[in-house]
Amino acid sequence: MYDIIGDIHGEATTLEHMLLSLGYVEGKKGFFHPDRKAVFVGDYVDRGPNIFETLRIIREMVIAGNAYAIVGNHELNVLTFYTKDNDGLFLKGHSPKNKTQIKKTYEEFKLDKEKRKVYLKWLRSLPLFLELDGIRVVHACWDQEAVELLKKENPENCLSKEFLRKIYFEKDKVFNAAMLLLKGREFAFPDNLVLKDDYGFKRTAYRVKWWEPMNGKSFEDISFGNRFRLPKYTIPAQLYFDIPLYSENDYPVFFGHYCLGDKAGVVRSNLCCVDGCIANDGVFVAYRWDNTLPLSQKNIVSVKKVKKAMIK
Ligand SMILES: [Mn+2]
């Protein structure tokens with residue numbers, strides 16, 4: 001049985017607290033549970049104070065066979081920042097803006113280049129999606145077509161240097177498929193709609209519920225995990241997108257990414273978002289899968305941020 005654990009973003013102390021709350025104990029090979037496995041949905045790096053330590057805990061569990069871990073969009077960002085193309089240029093240039101984007105990770109990583117190498121290598125080995133017995137796990141969005149394409153074009157199912165170089169060079173449908181899984185579905189606003197977020201930045205796109213049809217709905221109805229309000233009026237028919245939806249009868253999907261705060265948890269009978277936005281004053285969330293559908297909010301475990309180092 002699995003415990004699916006949400007986005008951590010360098011909050012290592014809170015991660016330890018969560019593992020202990022779920023009944024995991026620390027052994028010689030890291031945390032383990034006698035009859036459960038942890039499944040991490042990505043976004044281990046950036047924002048929080050203890051990125052190396054977070055990576056150490058998860059990597060140890062994965063190597064010992066006590067956990068699975070997939071990549072999130074933040075791992076993708078970090079990997080592209082440290083990966084060079086065939087001409088020796090970084091896939092993501094080392095501009096001040098790009099350094100700011102991965103600030104916390106960059107600052108920790110420059111303190112220990114050997115350690116950095118170990119963890120980058122390990123991050124490159126993690127899958128983009130998982131199909132375990134009876135459940136699916138992805139960072140942001142499960143799209144069957146994108147998954148099938150990636151199985152064909154990236155059979156290793158990881159962000160290897162070769163794969164990253166290829167998709168960043170070609171920026172084709174394989175690139176789009178990887179982005180869809182890691183960042184979810186986003187729609188552009190019509191040109192005449194100008195929205196600003198809480199920080200005053202102009203937004204040109206918004207995240208949507210990738211499992212629901214748009215017709216007859218308002219912008220607000222289909223919005224998911226945006227930190228700005230969307231108009232309540234019905235989306236004009238010419239703005240509909242015909243997206244493949246996710247059936248209620250399909251396997252349950254566990255994902256993170258959307259920073260839902262205390263709204264994290266079951267969003268539909270077979271869909272669960274475990275990102276409680278711990279790095280932005282939210283909560284840290286896990287789902288205890290017990291092989292039962294419909295998914296139930298009773299299986300959600302939520303802990304608050306632990307600030308001080310725990311006494312062992
Ligand atoms: Mn994310």
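Which helix or strand gives the largest share of the lining of the second largest pocket? The legends below cover that pocket and other close-ups.

This is a predicted model, where local features need pLDDT of at least 70, side-chain atom pairs count only at pLDDT 80 or more, and totals for chains, interfaces and linings use all residues. Residues are numbered from 1 along each chain as its sequence is written, and side-chain values use heavy atoms, without hydrogens and water.

**View A. The second largest pocket.** Its volume is about 390 Å³. Among the 16 lining residues, N176, A177, M179, L180 and R185 are the closest to the centre. Helix α9 gives the largest share of this lining, 6 residues. At least two residues each come from α7 (144–153), α9 (173–183) and β8 (186–188). By type, the lining holds 8 nonpolar, 2 polar and 6 charged residues. (A pocket is an open set of points on a 1 Å grid over the protein atoms alone, where a 1.4 Å probe fits, with protein on both sides within 12 Å along at least five of seven lines; lining residues have an atom within 4 Å of a point. A volume is the space filled by probe spheres set on the points. Helices, H or I with at least four residues, and strands, E with at least two, are DSSP runs. Ala, Val, Leu, Ile, Met, Phe, Trp, Tyr, Cys and Pro count as nonpolar, Asp, Glu, Lys and Arg as charged, and the others as polar.)

**View B. The largest pocket.** About 1,000 Å³ of space lies here. It has 28 lining residues, and R47, Q101, R203, R207 and R227 are the closest to its centre. Both α3 (73–81) and β11 (205–207) supply at least two lining residues. The lining counts 13 charged, 9 polar and 6 nonpolar residues. The largest pocket lies between domain 1 (2–170 + 248–303) and domain 2 (186–242), because both give residues to its lining.

**View C. The manganese site.** Four protein donors lie 2.2 to 2.3 Å from the manganese ion: D43 (OD), N73 (OD1), H139 (NE2) and H257 (ND1). (Donors are N, O and S atoms within 2.8 Å of the metal, or 3.2 Å for Na, K and Ca; water is not among the atoms, so sites may look incomplete.) Along the chain, their spacing reads D-x29-N-x65-H-x117-H. N73 sits in helix α3 and H257 in the loop between β12 (253–255) and β13 (265–268), 184 residues apart. N73 and H257 are both buried. (Buried means under 20% relative accessible area, exposed over 50%, partly exposed in between, with a 1.4 Å probe and protein chains only.)

**View D. Aromatic pairs.** The structure holds 21 aromatic pairs. (Rings of Phe, Tyr and Trp, its six-membered ring, pair if their centres lie within 6.5 Å; planes under 30 degrees apart count as stacked, over 60 as edge-to-face and the rest as tilted.)

**View E. Backbone details.** L293 and P294 are joined by a cis peptide bond, with omega about -5 degrees. H9 is not a glycine, yet its phi is positive, about 50 degrees. H9 counts as buried because its relative accessibility is 4%. D281 has a positive phi near 60 degrees. D281 is exposed, with a relative accessible area of 73%.

Key:
Domain bounds come from an automatic or database domain assignment.
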